[in-house]
Structures are given as C-alpha cells and as structure tokens.
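Confidence is treated at the end.

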Amino acid sequence: MDWDQLELNPRVITAVKRANLKSAREVLSLSGADLQRLTKLSQSDVQQLHSAVAASYCREPPVTALQLLRGECPSLEPSHRLSLGCPVLDSLLRGGVPLTGITEIAGESGAGKTQLCMQLCLSVQYPREHGGLGSGAVYICTESAFPSKRLQQLISLQARLRPELPPNLVTSIQFSNNIYIEHAADLEALQVCVSRRVPIMLLRGMVRLVVVDSVAALFRCEFEAKEARERARHLLAFAQSLHRLSQSFSTPVICVNQVTDVVGDSDSARCNFGLVDRRVLPALGITWANQVLVRLMMSPLSGWDAVRAEGSSLVSRRLEVVFAPHLPQAYCICSVGKEGVRGIAVPTQSASAPHIPGTEPANCTTDVNKDT
C-alpha cells in the first residue's frame, strides 16, 4: 500500500514504514496497543492511522436497512436477475430471481410450483436484454416423470405469454433443445448429478439454470424420524454442492419444496411466518431453511372466484415472498393458464399492520412490519 496517499502526518507515515507494515490488512488486524508498540506512536496517532486506513477502503457512505428495503441503493443490488416472464411477478421480486443462491418455491401439491419452474426454464433462454441469460437449463426430477407434454404446450404459447417480445425472437429459439432432464431415484444419484454431471454442463456453457423438483422427496423418504441428525448432515452436504455451483457459475438454483401439516386447532398451531396464516409450512425444517436465500410460497387462493381471461377459466394462486434479504414480505395474485403463470393486476389492499410508504411492489400486497 502507498502510505503517502493517506491524509496522515509525515511523521506517522515514517513510523509505519519503519515498522515494516506493508498493507492495510496488517494495520487493521493489529490492536491499538500492538500498533503503539510497533510504531512507537502515541495513542492519538494510532487512532488517526486506523481511521485513515479504514476510510481508504470505505469510500461509499453507509446506508441504512430502510434504504435497502425501499430500493434506494440500486448500486448495492445485482444489476441483472432472471425474469419470471411476467411483469407482475418480476415486480414482486424486484426484477426476478437472483443469479446466486438458492431460491425455494414451496407449496402444496397442485399449487403450480412445477409450472413456474418450467416457465423459468424457458425464460433463461432469452437474451439478457429480455430478462434471460442466453443459455439452457437442467431440470432434475426426483418425484415423477418430467411433464414433457406440458412443456411443449408452454413452448407453443410463448408468444401469448410474452407479447412484448419480437415474434421472430420467440420463434428463433429452440427451447426444447436447451432443457436437459435428469432423473434421480435416490440421494446417491442426486449427489452424483449435482457434483459431477451438472458442473460439466455449466462449464461448457450449456446451461445457466439448475432446477431440483423436488428437494424434499428423497430426504423425506430415505430417513426415519430417529435419523434426523444423519438427514441433516446429508442435507447440508447437498446444499453446499448447490451453493458451490451457484457461486462458481453465477447460476440461479431453484428448489421445489413440499409442505408439511401443522397439527393442532389452537392459534399457536398456525404457521407464524409470512403474511398469510396457514396450517402448512415448508418441509425439511430449520436445517434446510438456513440454506435458502429466497423462500417463495405458492398456495391456492381461497375466497376468490376463478379468474376468467380470454374466454377460459384460470386457476387463481397466491405467490408470496416469505423471506429474502433484499425483499419485503409481500405477495401477488397470479393465475395458472395454458400459456403459463401470470400475475394478475389487482388494486393494492392495505395490510393489517402499518406499512412504510414506497415499499410496495406494483400490484402486490406487502407488510414490512410483520415478523418472520
């Protein structure tokens, strides 16, 4: 480090050089007493030295958590995310799925989790200027056969789902050729897949999205209740492999998760997370939850009539952000139709608790004061 560039008394700089301190790391790793002993400087001189070195590495002013929540510091957020293929859904996630970390989509059977994952497998193939990553996807099935017919239907209706895109762009992409299907019948096969085969595809640039559908299926069936510690060990090893892939290749990892019922009739039996009261919660417990960056929850929308659009009856769903480091708790209404999952623009409804103005994504209901 060039000590002469720091705003320090020349006497202090001379003492630092005489002590043979060559980097800011060395200065900041030493206590005040150790620096006094090495440099023979006074306590006030050492404090000035610490402050000057720290200031040289902290050129940006500090920001508050409230500023981050309101999205007032775009320079601290990733410049690109993977689009979900719908403006309303992207608004809920402030642009889409983060490129690093594990994003979980949890929900009951038939909630639309697989539909959303297949939609992401198509979205990732678009160029970056249209919300994609210009590459393919690997889809790891652990429960049942991959729904190929449904995928072909989504591909044929891409122009209807994304009318804002140039028609020649949609027709020019060979979507089905860029989705690689893997089946894992047990945990050993799953680990081999994510530690050997998937890295090869990522290294060759064949894919930029990894989907595991579902992460809970094998871990729930291969371990008994008394083997909780062993299950946690394997679960952490699996999550570590996914994180390594995501960080090394800047690749979104989407994990579908099942839910488990909460037994009991009292209010304490209700799941106290997110905005919506439920009697189910994502499976695999706190061990898995600590490995997830973004947790989304899809659930049937009770109390709403079926939404009709373009002459067909669509199934209404709620997509909720349960937790994420960069997002407030919020949800939006969406529909699952032939062309895919679409957010529905509805008037924003005020939440039960007071909210902070300016924090609501478009067409989403949010409550930033509710505890997770």
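## Overall fold

Of the contacts in the protein with a separation of 6 or more, 66% are between residues 24 or more positions apart; contact means heavy atoms within 4.5 Å. This is a predicted model, in which local features need pLDDT of at least 70, side-chain atom pairs count only at pLDDT 80 or more, and totals for chains, interfaces and linings use all residues. Residues are numbered from 1 along each chain as its sequence is written, and side-chain values use heavy atoms, with hydrogens and water left out.

The secondary structure comprises 14 helices and 13 strands. These are DSSP runs numbered from the N terminus, with helices being H or I of at least four residues and strands E of at least two. Of the 372 residues, 49% are buried. Buried stands for under 20% relative accessible area, exposed for over 50%, and partly exposed for values in between, with a 1.4 Å probe and protein chains only. The protein exposes about 18,600 Å², and carbon and sulfur atoms supply 51% of that area; the areas come from the Shrake-Rupley method with a 1.4 Å probe, and for residues only the protein chains shown count as cover.

A nonpolar core is a set of buried Ala, Val, Leu, Ile, Met, Phe, Trp, Tyr and Cys residues joined through side-chain atoms within 4.5 Å. The largest one has 49 residues, and those with the most contacts inside it are Leu89, Leu93, Leu116, Tyr139, Leu209, Ile254 and Leu319. Helix α7 gives the largest share of this core, six residues. Another core lies apart from it and has 30 residues, including Ile102, Ala216, Cys255 and Leu284.

Helix α7 (residues 113-123) is largely enclosed by the rest of the structure, because 10 of its 11 residues are buried. Among them are Lys113, Gln115 and Gln119. Leu209 touches Leu120 and Cys121, as well as Leu82, Val124, Gly136, Ala137, Val138, Thr251, Pro252 and Ile254, leaving aside neighbours within four places in sequence.

Helix α13 (residues 228-249) has 22 residues; at 1.5 Å a residue it should span 32 Å, and its end C-alpha atoms are 32 Å apart, which agrees. The expected span is 1.5 Å times one less than the number of residues. Buried residues in α13 are Ala232, Leu235, Phe238, Ala239, Ser241, Leu242, Leu245 and Ser246. Their cover includes β1 (102-107), α11 (187-203), β4 (207-213), α12 (216-221), β5 (253-257) and α14 (285-289). Just after α13, Ser250 has a positive phi of about 50°.

Val253 lies in strand β5 and is buried, at 1% relative accessibility. Not counting residues up to four places away in sequence, Val253 touches Leu242 and Ser246, together with Gly101, Ile102, Thr103 and Val210. Pro98 is 155 residues from Val253 along the chain, yet their C-alpha atoms are separated by 9.0 Å.

## Glu182

Glu182 is in strand β3 (residues 179-183) and is buried, with a relative accessible area of 16%. Its side chain makes a polar contact of 3.2 Å with that of Arg197. A polar contact is a pair of N or O atoms within 3.5 Å; within protein, one must be able to donate a hydrogen and the other to accept it, and residues adjacent in sequence count only if both atoms are side-chain atoms.

## Confidence

The average pLDDT is 82, and 81% of the residues score at least 70; pLDDT is the predictor's confidence in each residue, from 0 to 100. Residues 347-362 stay under 50, with 30 contacts in the model beyond four places in sequence. Residues 367-372 are also below 50. Where pLDDT is low, the predicted coordinates should not be read in detail.
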